[in-house]
Amino acid sequence: MEPTRDYPLFGGAFSATLPPGAIDVSDLRPVPDHQEVFCHRVTDQSLIVELLELQAHVQGEEAARYHFEDVGGVQEARAVQVETVQPLVLENLALRGCCQEAWILSGQQQVAKENQQP
């Protein structure tokens, strides 16, 4: 089994540990500057890391949910399911001096891939 690997994101601003078999989609097609997209070479699954603009009308956990659901709406997702929303410990973040709080949301969206019907 192929080991996980740390992969630099957004020009090395931070990194993520990717699962075995992850392929950088930007090697296959254009990806917007605010996204990092990875796919698995065997399954029909993708991992998308997206930088989003601050929305002052929502904060904390609700901000994470807002963005996840908004992206699902823009992508015309058939299903949007939030699994967990957890605060990140600021001391563990490289950007700790730049933010007052940070959240991670895990969830699933059922979205048609490029050139497919929803």
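In helix H1, the buried residues are Gly60, Ala63, Ala64, His67, Phe68 and Gly72. Here, buried means under 20% relative accessible area, exposed means over 50%, and partly exposed lies in between, using a 1.4 Å probe and protein chains only. Helices (H or I, at least four residues) and strands (E, at least two) are DSSP runs, numbered from the N terminus.

Before going on, a word on what you're looking at: this is a predicted model, where local features need pLDDT of at least 70 and side-chain atom pairs count only at pLDDT 80 or more, while totals for chains, interfaces and linings use all residues. Residues are numbered from 1 along each chain as its sequence is written, and side-chain values use heavy atoms, with hydrogens and water left out.

### The helix

What sits over the buried residues of H1? The cover includes strand S6 (79-87) and strand S7 (103-110), with contact taken as heavy atoms within 4.5 Å.

After H1 comes Glu76, with a positive phi near 55°.

His67 is one to click on. His67 belongs to helix H1 and has a relative accessible area of 16%, so it counts as buried. Once you set aside its neighbours within four places in sequence, His67 is in contact with Leu52, Glu53 and Gln55.

### The salt bridge

How many salt bridges does the structure hold? There is 1, where a salt bridge is a side-chain nitrogen of Lys or Arg within 4 Å of a carboxyl oxygen of Asp or Glu. The partners are Arg65 and Glu61, and their closest N and O atoms are 3.2 Å apart. Side chains of opposite charge can pair when their charged atoms come close.

Why are Arg65 and Glu61 separated by about one helical turn? Because they are 4 residues apart in helix H1 (residues 60-74). In general, an α-helix has 3.6 residues a turn, so residues three or four places apart point the same way. As for accessibility, Arg65 is partly exposed at 25%, and Glu61 is partly exposed at 30%.

### The sheet

Now for the strands. Three of them make an open sheet in the order S3-S4-S5, with antiparallel pairing. The edges are strand S3 (22-24) and strand S5 (46-50), each of which pairs on one side only. From one strand to the next, the twist averages 25°; the axes behind such angles are lines fitted to C-alpha atoms (for helices, over the stretch in contact), and angles run from 0 to 180 degrees between N-to-C directions.

Two strands count as paired if DSSP finds at least two bridges between them. Here is how the two pairs look:

| Strand pair | Sense | Bridges |
|---|---|---|
| S3 and S4 | antiparallel | 3 bridges |
| S4 and S5 | antiparallel | 5 bridges |

Phe38 shows up on both sides of this picture: its bridge partner in S5 is Leu47, while Phe38 in S4 is also the bridge partner of Asp24. S4 and S5 form a hairpin, with 5 residues between them. Is S4 (residues 35-40) enclosed or open? With 5 of its 6 residues buried, S4 is largely enclosed by the rest of the structure.

### Over in S7

Ile104 lies in strand S7 and is partly exposed, at 42% relative accessibility. Leaving out residues up to four places away in sequence, Ile104 touches Thr84, Val85, Gln86 and Leu88. Arg78 is 26 residues from Ile104 along the chain, and their C-alpha atoms are separated by 22 Å.

### The whole chain

Zooming out, the chain has 1 helix and 7 strands, which run in the pattern β-β-β-β-β-α-β-β along the sequence. Its C-alpha atoms fill a box of roughly 40 × 30 × 25 Å, taken along the principal axes. Of the 118 residues, 21% are buried. Among contacts with a separation of 6 or more, 32% are between residues 24 or more positions apart. The accessible surface is about 8700 Å², and 49% of that belongs to carbon and sulfur atoms; areas come from the Shrake-Rupley method with a 1.4 Å probe, and for residues only the protein chains shown count as cover.
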